[in-house]
Structures are given as structure tokens and as C-alpha cells.
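Please keep the sequence and the structure in view while reading.

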Amino acid sequence: MGYCPNTPDDIRDMLAVIGAASVQELFAPIPPELRAKSFDLPPGMSELELMRLMREKAAACGADITPFIGGGIYDHFIPAAVDHLASRAEFYTAYTPYQPECAQGTLQALYEYQSAICRLTGLEASNASLYDGGTAVAEAALMSLRITDRHKVVLDASVNPLHREIVTGYLHGLSAEAVVVAPDGCASDLARLMASIDDETAAVIVQSPNFFGSVQDFRELAQKAHDHEALLVVSCYPIALGLVASPGEMGADIAVGEGQSLGNHVSFGGPYFGFIATRKRFIRNLPGRIAGETIDHQGRRGFVLTLQAREQHIKRHKATSNICSNQSLCALRGLIFCAALGKKGFEDLGLLNYDKAQYAKSVLGAVRGVDLLNPGATFNEFTVALPKDAAEVVQRLLDKGVAAGVPLGQYYPGMERALVVTVTEKRTKEEIDRLAALLEEVLWS
Amino acid sequence: MTKFYTKEHEWVEMAGAQATVGISEHAAHELGDITYVDLPKIGKNVKQFDALSAIESVKAASDIYAPVSGKVTEVNQALDEAPELVNQGAESQGWICKLEGVNEAELGALMDAAAYEEYLKGL
């Protein structure tokens, strides 16, 4: 087949129809200085040559670098079934696939996705996904304002700083207020969080594992929030839920998180998806669309978009959210990922992450001058203090082919020497040992 | 007791200084199957014709406006479990809430049943 969209003959024919003598004449209304002089493209090449070129370019962009970076987006293994099933045309190219009479498959997939999110978070109702983890946290904050009719949220500073920025941005526009509570070292300061809750508080927003990697139990915090008729919002890392208590078990009213880890590739900022789940009694305040199961007039099982009166195409300015789309295909990948792993596989994956990170903690902790900063429980991420500026150390390690982690100085002034290191199931013992050896080298030679 | 109606299809019935509020039979019929009544919060103070709460049917969501000023003292909890009560009897068991501290003078701005009947004919 031909890969060129327009042959010289095609171009001549089209120009003849509109009466232009040349392409230059067609573009004449555009001032010459705004027109491209030339395109820096090599001549045509074979598929083999092209693949070689793209591999070289990818390597130059860091595809060969071993990542120990997390901070919200994680390098996990993706079973082949995810790419295969998600790229089926029925899912991949479906346009406006929400008319129930013609999109039962899509609606069923979303319904099953919601069921998987409910299982993971330990809550009763999920929507069909949101843009990303950050908007999910912000939507949870808005939900709590609507439910409680209050205007203040308590926001733990160990929640992902990028997500916090989205929350405070949203609240600013609504004249609502976020009370930011500093952590105690690398862990949420539970006492200070509890002391910040009063009868004006709509919700307390926390994250576990938090941005420093610390895993915490928020049961007591949930109780304290509920005593003041406030809600508890827990942002969680879905892969960790194979191992740690779910937000639902801890008494959370809303669970949110970034869904990228569930079967979506790491890429330059997306597309990813956010998930949100809540208790059934709050379902009318859940933003976005919800797929539901029902029966048709002959009693056959079927799927529909349900509770649509909450949405902006019916409720206008009173809708629960101005977000009217969801990340259907990314969410579908999440569902296929969960289904491919199954309950046991999910637990195993959690354990693998935990074990490898524990090993990394022990070898990095043994490097001269390096201190571990999370005395309590962690999952696959932890914070170390270096004897030098972390951003500089990371840059020097990058030159050696290792992305050592996320330097914290950019988000937490005063923590310029702190580094968050992430170890997923994809990192090998050799890679972890190499990180430790290179770190020693960069710090001391 | 006499019912009074608003142009937005709410009714109000007075018992002393307490008012019972709902939506009219006509409104319930026009909305179709009611799926949810967003009951107002007890203790809420409303002014006449301000938004009191909202009601949802299968494919629409509408505001309910306060026919008179007052403070919400009681809501029809039965509607939480059975919003269809509004369809079954919008002007009886499907009442929405009760208001106290009502100024009866405000009723003058409303229609009685006969006037409302006439008003509906003109719609």
C-alpha cells in the first residue's frame, strides 16, 4: 500500500479543481515569514531503517535509563493481554460509545472496571474514571464540600504536591479553604491532623503510601473526622492495595488515586486515568459518569449510564462536576490488568514490590553517608537523606544511565538532600546493587 | 385548610405559623417518574421564591423554590427510600418539608387553587 497521502498527481488534480497554479499560490495569503522554509526530514527509508532510527532516537531520550523514579507514576510490568485486548477496534476506535442500545460491550467493560475499583478500594460505588489522580483528589475535595455544605478541607502536606496544587487551585475558585498540615518527618502528623479538624471541616485529605513512601493507618483519623461530621478522603496507590489495608477498611468515605499503574505505560504526563470511589449513600455526589446494570423489558441483563440527572447535560450549573468525559480506554486497560492478574496475582505483585524495595532499602541504607528517613512502614518507595544536594546527585547518576529517584527540594524547601527512591517488580537485584554502587561512587569519589 | 400555589408549581398549606410544602400534581405529572428528592437541610432559612432543594426524575433535575419564607423544621424522610410517593400523591403523602416562622402576608403573592387551575390552562 502507499504511505504517501497525496501523490504529485493528487496535488495537481486538487489544485486544478480550486483553480490554483501551485501550492505556493494556495498558501499566498499566509505572510512568507510565517511559512516553513523547509522541513528537516531525511529522504524516504525502509521499515527496517526506520525502526533502527527510532530505536536510536528513543535511546537518546533515555529509554535505556534504569528508572527508580515514582512519585505518583510507576514503571510496572504490563501483561501482553492488556495491549492486545485494549487495541481491539470495538474498544479502540469506538466514537461516543455511550448509547446503551449500541454499546453494551463498552458499558459492560466500564461496569466491570467500576466493580474492580470498588473491590480494590473497599468502597461501594465508583464512577467510570476521571482525567488523572490529581483531578480525582480535587473532585473528592469538591464532593466533600457538597455533602457537608462546609468550606474548609484539611490537606496533609505529604499528599502528592502536584495533586495538592490542583486541589488548592480548585478550592481557590470556589472561595473554599485548604488548611495544609505539615508532616512529621516523612509521615503524616496524625495528632496535628486531628487537632485541625473542627465543625467547619468538610474533609481531611491524606495519602498512603504518601509522597515520601510511608504507609499509615488512618482508622483513628477517620473516627475523629466522623465525630465532627467531616469526611475522610484517602488517596491510594492501587498496586499497594494488594498488600495494605484498603481505604474502605480504614473508614474512608472517598478513595481516590492515579490509575496509571494499572496497565498503562509510563509516558510524558499521560494519558492516564484517575479513579474515585465512595460509600453508596454519597453516590449522587459522585462526579462523572456511572455505568449501571439493569434488565430490559424482556428481563435480559443489560448496561446503561445511570444517575444521569447529576450530570451537566441535564443539571447544567448544578451538576456534580464540570467534567463530562472519562478516560474510558485507559480505564479499560486498568480493568484488563486487574482481570489478568486476579486476586492472587495482585497480592503477589504487591509482595514483589515490597520485598524488592526492602532489599533496596537495606543496600542503599548501607551506603556511606546515606540515611533512611522512613522509620515506619513503606511499600515500594522510600526516602533517603544524602550527604550532598539530591538534584545534583541525580543528575550525575543520570549520566551513568540510572534515574535514581525524585529529589524532594523542588517540592519541600529544606529537603534539598532528600531523595525518594522507587523499586517496582521490574527492577532486578543487579540493577539495585548497581544503583547502590554508583551512588557510593558519585558521593565519595 | 387552603392550599396556595406558585407559578413554579409548588404548593403550600398553612397550619398556624407552620407551612407544609410540596410540588403540585401538575408538576409531578410533567416531570414523570421521580427518582430522587434532594431534601433540604433541617434548620435552613429560606426566603420566599429562593431555591429550597431539588427534585430529579428519570431525565430531568429541577429546583424547588420556597413558596414562602421560613425555617425548615421537618423533611419528609420517607422520600429518601420512596421518591415515587411524589408521583403517587404530590399534594398529600409526597410533601417535601415543613417551614416555621412563616409570614402569612406572603401568601398574598401566591395563587389559590382556582387561580392556579386557570394559570395551568394558559400554559
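## The second largest pocket

With 3 residues, α8(A) gives the most to the lining of the second largest pocket. Helices (H or I, at least four residues) and strands (E, at least two) are DSSP runs, numbered from the N terminus. The model is predicted: local features need pLDDT of at least 70, side-chain atom pairs count only at pLDDT 80 or more, and totals for chains, interfaces and linings use all residues, while side-chain values use heavy atoms, with hydrogens and water left out. Residues are numbered from 1 along each chain as its sequence is written, and chains are lettered from A and ligands numbered from 1 in the order in which they are written.

A pocket is found on a 1 Å grid over the protein atoms alone, as an open set of points with protein on both sides within 12 Å along at least five of seven lines; a cavity is a set of points where a 1.4 Å probe fits but cannot get out, and lining residues have an atom within 4 Å of a point. The second largest pocket has a volume of about 1,200 Å³, a volume being the space filled by probe spheres set on the grid points, which are joined across faces, edges and corners. Its lining has 41 residues, and A:I73, A:V266, A:S267, A:F268 and A:Y272 lie nearest its centre. At least two lining residues come from each of α7 (133–148), α8 (161–173) and β14 (406–407) of chain A. The lining of this pocket comprises 21 nonpolar, 16 polar and 4 charged residues. Here Ala, Val, Leu, Ile, Met, Phe, Trp, Tyr, Cys and Pro count as nonpolar, Asp, Glu, Lys and Arg as charged, and the others, Gly among them, as polar.

## The cavity

The structure holds 1 cavity of 30 Å³ or more. Of the 18 residues that line the largest cavity, A:G72, A:Y74, A:Q207, A:C236 and A:Y237 are the closest to its centre. The volume of the largest cavity is about 180 Å³. In chain A, β5, β6 (231–236) and β7 each supply at least two residues of its lining. By class, the lining of the largest cavity has 6 nonpolar, 10 polar and 2 charged residues.

## Helix packing

The axes of α7(A) and α8(A) come within 8 Å and cross at roughly 40 degrees. That makes α7(A) oblique to α8(A). Axes are lines fitted to C-alpha atoms, for helices over the stretch in contact, and angles run from 0 to 180 degrees between N-to-C directions. Angles under 35 degrees count as roughly parallel, over 145 as roughly antiparallel, 65 to 115 as roughly perpendicular and the rest as oblique. The crossing of α7(A) and α8(A) is right-handed; a crossing is right-handed if the near helix is turned clockwise from the far one by less than a right angle, and left-handed if anticlockwise.

In chain A, helix α6 (residues 104–121) and helix α12 (residues 328–365) pack at an angle of about 50 degrees, with their axes 9 Å apart. These two helices, α6(A) and α12(A), are therefore oblique to each other, and α6(A) passes α12(A) in a left-handed crossing.

## Backbone details

Most residues other than glycine have a negative phi, and most peptide bonds are trans. The peptide bond from A:S208 to A:P209 is cis, with omega near -10 degrees, and A:P209 lies in the loop between β5 (201–208) and α10 (219–227) of chain A. The bond from A:G270 to A:P271 is also cis, with omega near 5 degrees.
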